[in-house]
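Reader: Before we go through this model together, could you show me how to read its features, beginning with the terms and then turning to the case at hand?

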Amino acid sequence: MAAQTVASTTNSTANPAADSVDLGPAAALSCRECGHRVPLGPVFACEECFGPLEIAYDFSGYDTEELRKRIESGPANIWRYAPLLPVPADVAGKPNINPGWTKLVKADNLARELGVDAGKLFVKDDSGNPTHSFKDRVVAQALEAARAFGFTTLSCSSTGNLAGAVGAAAARAGLRSCVFIPHDLEQGKVVMAAVYGGELVGIEGNYDDVNRFCSELIGDPAGEGWGFVNVNLRPYYAEGSKTLAYEICEQLGWQLPDQLVVPIASGSQLTKIDKGLKELIALGLVEDKPYKIFGAQAEGCSPVSVAYKAGHDVVRPQKPNTIAKSLAIGNPADGPYVLDIARRTGGAVEDVNDEQVVDAIKLLARTEGIFAETAGGVTVGVAKKLIENGLLDPHLTTVVLNTGDGLKTLDAVASDTGLTATIRPSLDSFREAGLG
Ligand SMILES: *Cc1c(COP(=O)(O)O)cnc(C)c1O
Ligand SMILES: [Zn+2]
């Protein structure tokens with residue numbers, strides 16, 4: 001079956017390097033707002049309207065069944081989907097951290113607690129990635145783009161998880177890494193980012209200040225040869241989130257789920273999951289049917305949820321104050337697109353407070369043996385709330401994303417968990433404590 005065909009309109013005089021760039025089926029960059037096209041390169045904003053640039057593909061020539069077989073016989077990581085990603089065909093043989101193919105856990109115990117039908121609830125557990133968060137998926141793509149454009153330093157602005165993923169990917173690839181974080185980040189995240197041996201720079205300011213600084217550095221000679229995974233490599237980086245959609249459908253036996261609950265920081269992951277699902281439909285790899293995408297935020301950083309509930313199309317920035325730090329982006333770049341997707345698919349955007357986040361982390365751990373970071377507490381907590389308020393149908397196949405590992409945010413639950421008892425090493429003491 002033929003899929004979206006993309007005419008090659010690349011202007012080789014505009015970017016001479018573009019002709020020699022091999023990023024597989026990626027054909028050009030295209031503006032999400034006005035459709036203006038430019039050759040593949042390290043740019044992220046449209047020169048016509050400042051809209052975000054996205055990868056446009058040439059998927060023509062794919063035969064559905066051949067493609068399915070090629071994917072199924074591919075490696076047990078995201079590179080099984082290389083024909084659908086902006087990466088060279090031989091990507092699996094290059095030094096990369098090879099994330100993905102994480103577990104899709106059938107969560108019957110959690111389903112029972114939440115009142116969902118048996119066999120219908122799944123947790124996509126991305127804590128199993130190399131640096132224990134979903135960020136490895138996006139960084140792995142950015143690394144391939146950095147190589148293609150000849151960058152020698154991998155960089156980013158980060159609230160923690162991204163820093164670790166960039167450090168690890170650069171180490172594996174033999175590139176320099178220099179990562180910028182707010183100076184007051186949790187100790188665990190600092191260690192996790194620093195251990196890979198790259199440069200780690202604390203900036204006196206919040207995440208938005210760090211971002212502003214990175215934008216300045218890109219425009220300065222000091223930033224020459226630097227690939228900022230979430231700035232000048234953002235179009236490539238963002239495509240990594242499509243692999244969550246691909247894996248979920250393949251793991252469900254090449255079927256679309258009916259409902260997905262997805263966390264929102266910048267909103268990139270949610271919008272690209274939608275893009276990935278639409279591609280699978282267009283390619284004939286899954287049968288077309290409606291699906292609903294629900295966005296999840298923490299109440300202390302809920303600009304998209306607030307806009308959704310108010311019926312607004314624009315997102316008013318907030319000053320974050322929540323334990324869900326990996327989702328704490330007060331001015332989410334993809335916020336308006338998230339609103340659009342939630343409304344178009346019949347989903348919703350909801351938020352939960354910090355206490356509900358902690359309760360949800362413990363609920364998931366107690367029912368399914370999965371220790372989620374605060375972002376996973378947000379999605380599980382929001383799923384519970386959506387079932388209670390009737391927005392999420394408990395009779396339909398539902399996938400809730402856990403995008404990070406609880407070991408990264410121990411503080412969130414540390415004061416709420418602990419020893420059941422302390423006893424002397426004797427059976428009497430054991431019985432006195434009511435344990436035997
Ligand atoms: C970055 C991140 C997300 C999603 O971020 P987006 O900017 O919305 O793509 C989700 N969960 C965790 C744990 C993250 O680190
Ligand atoms: Zn544009």
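Author: Let us begin with residue classes: Ala, Val, Leu, Ile, Met, Phe, Trp, Tyr, Cys and Pro count as nonpolar, Asp, Glu, Lys and Arg as charged, and the others, Gly among them, as polar. With these classes, the shell around ligand 1 divides into five nonpolar, nine polar and two charged residues. The shell holds 16 residues, a residue being near a molecule if its C-beta atom, placed from the backbone, lies within 6 Å of it; the closest are A265, S266, Q269, T403 and G404. This is a predicted model, in which local features need pLDDT of at least 70 and side-chain atom pairs count only at pLDDT 80 or more, while totals for chains, interfaces and linings use all residues. Residues are numbered from 1 along each chain as its sequence is written, and chains are lettered from A and ligands numbered from 1 in the order in which they are written.

Reader: Which domains does the assignment give for the protein?

Author: Domain bounds come from an automatic or database domain assignment, and here they are domain 1 (1-86), domain 2 (103-132 + 241-414) and domain 3 (135-237). The centres of domain 2 and domain 3, taken over C-alpha atoms, are 25 Å apart. Two residues are in contact if their C-beta atoms, placed from the backbone, lie within 7 Å, and 16 residues of domain 2 are in contact with 16 residues of domain 3. On the side of domain 2 that touches domain 3, the elements giving two or more residues are α8 (242-251) and α14 (410-414), where helices (H or I, at least four residues) and strands (E, at least two) are DSSP runs, numbered from the N terminus.

Reader: Is G150 buried or exposed?

Author: A residue is buried if 20 or more other C-beta atoms, placed from the backbone, lie within 10 Å of its own, exposed if 12 or fewer, and partly exposed in between. G150 counts as exposed because it has 12 C-beta neighbours inside 10 Å, and its place is in the loop between α3 (135-148) and β6 (153-157). From A265, G150 is 115 residues apart in sequence and 29 Å apart in space, C-alpha to C-alpha.

Reader: In what order do the three strands of the open sheet stand?

Author: Strands of a sheet pair through backbone hydrogen bonds, either parallel or antiparallel. Two strands pair if DSSP finds at least two bridges between them, and here the order is β2-β1-β3, with antiparallel pairing. The edge strands, β2 (37-38) and β3 (53-57), each pair on one side only.
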